[in-house]
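Biologist: Please take a close look at one helix at the end of the chain's fold and the sheet beside it. What stands out there?

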Amino acid sequence: MPRPTRGATPVRHFRALACWLIVTGLILRAGLALAQDSDRERLEALYRATDGRNWVDNTNWLTEAALDDWYGIETDGEGRVTELVLGVWSESPQVFQGNGLTGTLPADALGGLSRTKLLEIVGSPGVTGPLPPLANLLELEELDFEANDHTGPIPPEWGSLPKLANLDVEANRLTGPIPPELGQLPLTRLAVGANRLTGGIPAELARLAPTLEELTVHDNQLSGPMPVELGELTNLVELTIDDDTGLCLPRQIQATVFGRLAVEQGVPLCADVPALPIGAVWVLAAALAAAAAFRGRRVGKGDRPVTHPPPVRAGRGVLPRRSTGDC
């Protein structure tokens, strides 16, 4: 029986390793192709849900061209979508140049573009319905749905987007409160003005102190005193808020950066509740104690409530009591 030659085992190991690398590469390539196809399918769903045939510009959409050749789309080296921009702000003239989308944004389609860093769909008043949750867009840094016609609340799920720095949903018809969950984000800019939001400004926004530079809450239906904690927003350089809102500024934060900006915007100071002098408090307490003692003495002298004798029972029935004027 021939003996195995020296070195046969390393050769077999090398061949096994080479086969493993080839199979792994094929799997990764297949996964990448699948991810690219999934992004393409999600964009196609967005196109169909928002009447893409009638967009202002739909160049290369629904064609076999690479995704970064589609209008408004940028991709990374693996062909995954990193930017989706449909509609822009024009500086000259200063108007939104929307892309004419109509309908409701498909939440599943947008929420699946997991490599996206910039998502901007603006200036399309034909875009209606709720804002998509987008909880899976963990790479998202900028989110802009300004000047559409969205309704409903701001999704609290946005508070779980760890890299979101710029959030703009101005000029829609959003309702409900400002979610306190937004205080968990690394925001430098938060713009929620020109909506129908109610309630107050949540104190949790004070957590944005290390990053927040711009806060826009004008033209809503907000009310109540601004939280004292907002005085911690020391990096704030721009605050846009209307003076006819139901909000007021506590005196405790009047001298802070936030307070000075609010005063410049004409926000009124909250009315102080007048405090009673300590002497008046003692007089009031003595008066209440004297009144209680007087009532106790009246009860002790025999003032008891008037009672009536119980009804007379006859057999199984109860006869009503006769008044003294009966015959």
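Modeller: Start with Gly-266, which follows helix H3 and has a positive phi, near 85°. This is a predicted model: local features need pLDDT of at least 70, side-chain atom pairs need 80 or more, and totals for chains, interfaces and linings use all residues. Residues are numbered from 1 along each chain as its sequence is written, and side-chain values use heavy atoms, without hydrogens or water.

Now H3 itself, residues 257-264. Helices (DSSP H or I, at least four residues) and strands (E, at least two) are numbered from the N terminus. Phe-258, Gly-259, Leu-261 and Ala-262 of H3 are buried, that is, under 20% relative accessible area with a 1.4 Å probe, protein chains only. These residues lie on the same side of H3, because they cover an arc of only 165° around the axis. The arc is taken from the directions between helix axis and C-beta atoms.

What do the buried residues of H3 pack against? They pack against strand S14 (214-216) and S16, with contact meaning heavy atoms within 4.5 Å.

Both strands belong to an open sheet of eight, in the order S1-S2-S6-S8-S10-S12-S14-S16. Its pairing is mixed; two strands pair if DSSP finds at least two bridges between them. S16 (238-240) is an edge strand, pairing on one side only. The other edge is S1 (73-75). S1 pairs with S2 (residues 81-86) in the antiparallel sense, over three bridges. There, Thr-75 stands opposite Val-81 in S2.

Further into that order, strand S6 (residues 118-121) holds Glu-120. Glu-120 touches several residues, including Leu-84, Val-85 and Asp-144.

Conventions. Buried means under 20% relative accessible area, exposed over 50%, partly exposed in between (1.4 Å probe, protein chains only). Lists of a residue's contacts leave out its neighbours within four places in sequence.
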